[in-house]
Every structure is written in structure tokens, then in C-alpha cells.
Amino acid sequence: MGDWGGTSNAPYTTPVELDTANQMAKISRARKPSFVLALGDNFYYNGVKNVNDPRFQETFEVVYRDVSLLIPWYVIAGNHDWRGNVSAQIAYTKLSNRWRFPYFFYPLTFKIPGTSDTIDILMIDTVLLCGHVIDDFHGYQPNVPKDGTTAEIQWAWLERQLAASKARYLFTAGHFPVYSVAEHGPTRCLVNRLLPLLSRYKANGHFAGHDHSLQHLRTTDHRVTLDFIVSGTANFIDPSTRHMHSVPQDSLKFHWADTRSKGGFCFAEAEHDKLTLTFIRADGHELYKTNIAPRNVL
Ligand SMILES: *[C@@H]1O[C@H](CO)[C@@H](O)[C@H](O)[C@H]1NC(C)=O
């Protein structure tokens, strides 16, 4: 899930955040996931100030307190986090048993239970790669990274990691989406630079937030199928489909952003033959389910 970060004022949560957290706990009790991915905009609207910021309690610990959610949370920063102190979010890793944010970008590898397969997820900082959105109102695009050298270091790291991966499933995960039909739309910088890498190294796709909807898009390019997941309804819901015609024709498989609901999130389950994605509404209703095939690399 992405875009889950409450609000700047008391009670520092939204009704959507609380209901989505309750449903995550129910699913977690039943399905016993190994981890949660938190894909940025962790603290609205201006991130945290330092490692002792009360928002770690108010917006994170007390909301996702069910015992079933005391599992590793792998965290990456979003544009709202970059309005504050991302180093403090990294430092919080040392104070928490579950918050895991070792660096601005980092690799994850998991064994798929009952198999000898692995899944690689490369956690990327899309603000450092593409630039900040100073005013994220009305589809403002990140234009150029603040520090070009830092961005190129991360791009080079990412390409090395993608090239080296032998995993059965390989994804990137970050805050900005590659493709989205909603308010912000596709991120030009990621379409230009991340997409060709995913395709070249036969990755499975990219998980993102940023737009406050649930979306699944699928493209096939040079016989590589790529899946793009947007999961940004864990705190706010925005029904905009402003960029419906900014994505490749027929790529949109699912879009949902019902403002009468209390949000939703994506549940993923990897097996030898398929990786199943389910979008689950805050009341438990399964909105959509799809399968992703393993990579075609061996
Ligand atoms: C960011 O947070 C860290 C950890 O609490 C702190 O050491 C640092 O001074 C903070 N930076 C700013 C600019 O406040």
C-alpha cells in the first residue's frame, strides 16, 4: 500500500486509514503475509521532523497495532516525506521492531515458502530519481532530480541489480507510478528510464502509489509482459481518471476509486506457477484478482 500517511492535524489519521488498517489486520490474521510494503507518503503532509516525531506513533504504530501486522514493514519515501526529514524515517528503523527502511533505496529478496524460488523487489526512491513535486496539485510532474549525481548513482545501482537477478519474480517498487490513468498520470521520467530497464531485464513490473486509486495496467513489449500496480487508497481516495488516454491503448485492466468506500489495498501471494494479486476493499470485498506469470529468464 501507498499514500497511507494520515493528516498533519489531530487525530493524525483519516477514517479511510483506520478502516483500511482494520481490514489489513483481518487479512493478515487469515493469510499470514510475510511482510508489508509501504510505498511512500507515509506522513501527510510534510513528513516527519526527526526520529522522535510523535507522528511515528500517531499515524503508524497506533493505527497498525494489531498483532497480525507486527511483521516487517519495508518502507520507501514519497514526495510528501521529502517535504520533511527522510533520514529520520530511515533512523526510525533502529527504534522499531518492524519498520525497515535501511537506506533511501535497497534490495529485498524473499524465498517463496515450499519452493526453491525467490522473489526480488528493488525498493527505489522515485523522488531522488526523477525530482520532487513541489506542488503535487493537478498532475504536476517531477521534472529533474535535485541532485543529478545522486540520481545517476541510483540508476546505475538499479540496473546492476536488475541485470544480476535470477529470481523467479522481479519487481521494482517506489512511490511514483510508471503508468497511471488518474490525477497525476504516467511519470514521464519513469516511462523514459525505468520502463526500458524492466523490459530489458525481463522484470515482472512495478508497484507504486502516488495516485489515490487502485489500478492494474499490463503491457507487452518485445514479448515481455509488464504489470503496473498502483495501490494508493490506504488514506485518501481520488476518483479522477484525468489521464485515461495517457497510457498505452488497452493497457488498463482495472481502476477503482470509490469515494463512498473506506479505501483498500493490494494483497500479493507468490507461488511457483503464479503470483496472485488481489485488490481488497476496506469492508473485505474482493474487488479484483489477477495472476502474474513467472519471468521467462532461465
Ligand atoms: C533529521 O532527523 C535526524 C534523526 O532524528 C536528525 O539527526 C537530523 O538533525 C534531522 N535533520 C534536520 C534537518 O532536522
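Throughout these legends, buried means under 20% relative accessible area, exposed means over 50%, and partly exposed lies in between, with a 1.4 Å probe and protein chains only. The model is predicted, so that local features need pLDDT of at least 70 and side-chain atom pairs count only at pLDDT 80 or more, whereas totals for chains, interfaces and linings use all residues. Residues are numbered from 1 along each chain as its sequence is written, and side-chain values use heavy atoms, with hydrogens and water left out.

**View 1. The disulfide between C130 and C189.** The structure holds one disulfide (a pair of cysteine sulfur atoms within 2.5 Å), and it joins C130 to C189 with an S to S distance of 2.1 Å. The pair links distant parts of the chain, 59 residues apart, with C130 in helix α4 (residues 126-130) and C189 in helix α6 (residues 188-200); helices here are DSSP runs of H or I with at least four residues, strands are runs of E with at least two, and both are numbered from the N terminus. Because the torsion about the S-S bond of C130 and C189 is about -70 degrees, the disulfide is left-handed. C130 counts as buried at 1% relative accessibility, and C189 is buried as well, with a relative accessible area of 15%.

**View 2. Surroundings of the ligand.** The ligand is surrounded by K49, N50, V51, N85 and A88 (each with a heavy atom within 4 Å of it). An oxygen atom of the ligand lies 2.9 Å from a backbone N or O atom of V51, and an N or O atom in the side chain of N85 is 2.4 Å from an oxygen atom of the ligand; a polar contact is a pair of N or O atoms within 3.5 Å.

**View 3. The largest pocket.** On a 1 Å grid over the protein atoms alone, a pocket is an open set of points with protein on both sides within 12 Å along at least five of seven lines, and lining residues have an atom within 4 Å of a point. The largest pocket holds about 700 Å³ of space and is lined by 30 residues, of which P33, F35, F267, A268 and E269 lie nearest its centre. Strand β11 (264-270) is among the elements that give two or more residues to this lining, and its six residues are the largest share. By class, the lining has 22 nonpolar, three polar and five charged residues.

Technical notes. Polar contact = N/O pair within 3.5 Å; in protein donor to acceptor, adjacent residues only side chain to side chain. 1 Å grid on protein atoms, 1.4 Å probe; cavity = no way out; pocket = protein on both sides within 12 Å on 5 of 7 lines; lining within 4 Å. Points joined across faces, edges and corners; volume = space filled by probe spheres on them. Nonpolar A, V, L, I, M, F, W, Y, C, P; charged D, E, K, R; others polar.
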